[in-house]
Amino acid sequence: MTLYACRKGTEAVPEAAKQVFSDMMERIVFPDKNEFVIQLTDGTSIRFHMETDPRETEIQAQGMAQFFSRAPLENDKVKKAALCQIQLFNSIIGIRFWVNENENRTNDLVGRVYRIAKELSAFVLYPNMYLFYSDGRLLLSIDGKSDFEEYYPEASVSLLEREEKEQEADRQRKHRSLAILKEKNIPYIEHLRCAVLEEECRIPDKAEIIRRLACVFGACVRSEVYTSGQFKDCEKVAADQLDQLEKRYQISGRLSPEEKEYMEQKTVGMESHNKFGWRYECCAVFLWALSMVEMKEPTEICDAAELGAVMWNHTFDSLMEASVLRSREEILDMQDLVLRYHWACVDARIHHKEMPKLNADIIYEWHYALNWLVGADGNTKWDEVVTNT
């Protein structure tokens, strides 16, 4: 069984599970940061896996919405609302346990899963692709069933409370973005509010941006060495280039946990190389924010050579001197516009539409970097940035 929710993180999951299983829990074990196992007094166990990668949760939510869009539900309003709800999911908890001939035990465990879902305001997905509300009512099934005559999508209370804080500057920012979208003939929804309000925005200082840029660039460099096909001894070439980068920007102590793991692993799959290679687009955003390059069209992949010319011809000190941090308003405007680009990409993917004026992979990276720059959701940890639309 899988729980899907709209919440900022998964920190509350272990505590909710412990409370629900308190009367039959022998102990709880954490194999890693994203997983825990509750060992039960009857000698069995129940395993929880918490998906925290924002890109993975987005891909899963989009894939689920695309899958359920084929459901032959006659109540079109409920179907559209359910699909909207699915697109809001950003927290995924997989739950596994063995079933045996004891039907009472199975029903008890399933009931406890629903209690956890209620605590987390989550929805319950069964393997047969039936999606249930936390009170046991069927929201949507792949064969077109629902217990709802009316349904309204739910977001977390923290997101809804933000509406009261919106100021005129936020509304004007939205209007500027919509004007650009109309001019480019890119689809949009009128009711999508600014993701980051003026009063919430926390842009890092120039030094912190340059340090983050250098770390991201370092991972990109390693990826390019391994994927370009130009080098026989990739490990040595990558080590030499990263050593030069270290001398210029002193990145080794500032890498994020994911970057550090990627840099230190000798055997890395192509999927990881590609993930970090795409982050040249994040570098482009950071260098744009520092007034060192201009943003390209949202269909045009950034010029890695242009970015490299900046990075390899500077040190931390010289880039501090040469760069000029763009205004708060300009960075927020760009973040809001890219948020709406990203919504258009997601909507096109779900409804099997072409979006020739946007490249979804580019837009995702831009959105990721800009959300870090403006402190979206109050998050300043690079690996934990989310790109909800």
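Are Phe 123 and Tyr 133 buried or exposed? I looked this up in the predicted model, and both Phe 123 and Tyr 133 come out buried.

**Entry 1: aromatic pairs.** I searched the whole structure and got 19 aromatic pairs. I then took up the pair of Phe 123 with Tyr 133, which is edge-to-face, with 5.5 Å from centre to centre and 70° between the planes. I placed Phe 123 in strand E6 (residues 123-125) and Tyr 133 in the loop between strand E7 (130-132) and strand E8 (138-141), so this pair ties together parts 10 residues apart in sequence.

**Entry 2: the cluster.** I checked which aromatic cluster holds Phe 123 and Tyr 133, and found that they form one with Tyr 4, Phe 89, Phe 148 and Tyr 151.

**Entry 3: Tyr 368 and Trp 382.** Tyr 368 lies in helix H15 (residues 360-374) and Trp 382 in the segment after H15, so the pair ties together parts that are 14 residues apart in sequence.

**Entry 4: charges over rings.** Which residue lies over the face of Tyr 368? I found Arg 279 there, at 4.9 Å from the ring centre. I also noted Arg 222 over the face of Tyr 262, at 5.1 Å from the ring centre.

How values were computed:
Residues are numbered from 1 along each chain as its sequence is written. This is a predicted model: local features need pLDDT of at least 70, side-chain atom pairs count only at pLDDT 80 or more; totals for chains, interfaces and linings use all residues. Side-chain values use heavy atoms; hydrogens and water are left out. Rings of Phe, Tyr and Trp (its six-membered ring) pair if their centres lie within 6.5 Å; planes under 30 degrees apart count as stacked, over 60 as edge-to-face and the rest as tilted. Helices (H or I, at least four residues) and strands (E, at least two) are DSSP runs, numbered from the N terminus. Buried means under 20% relative accessible area, exposed over 50%, partly exposed in between (1.4 Å probe, protein chains only). A charge sits over a ring if NZ of Lys or CZ of Arg is within 6 Å of the ring centre and within 35 degrees of the ring normal.
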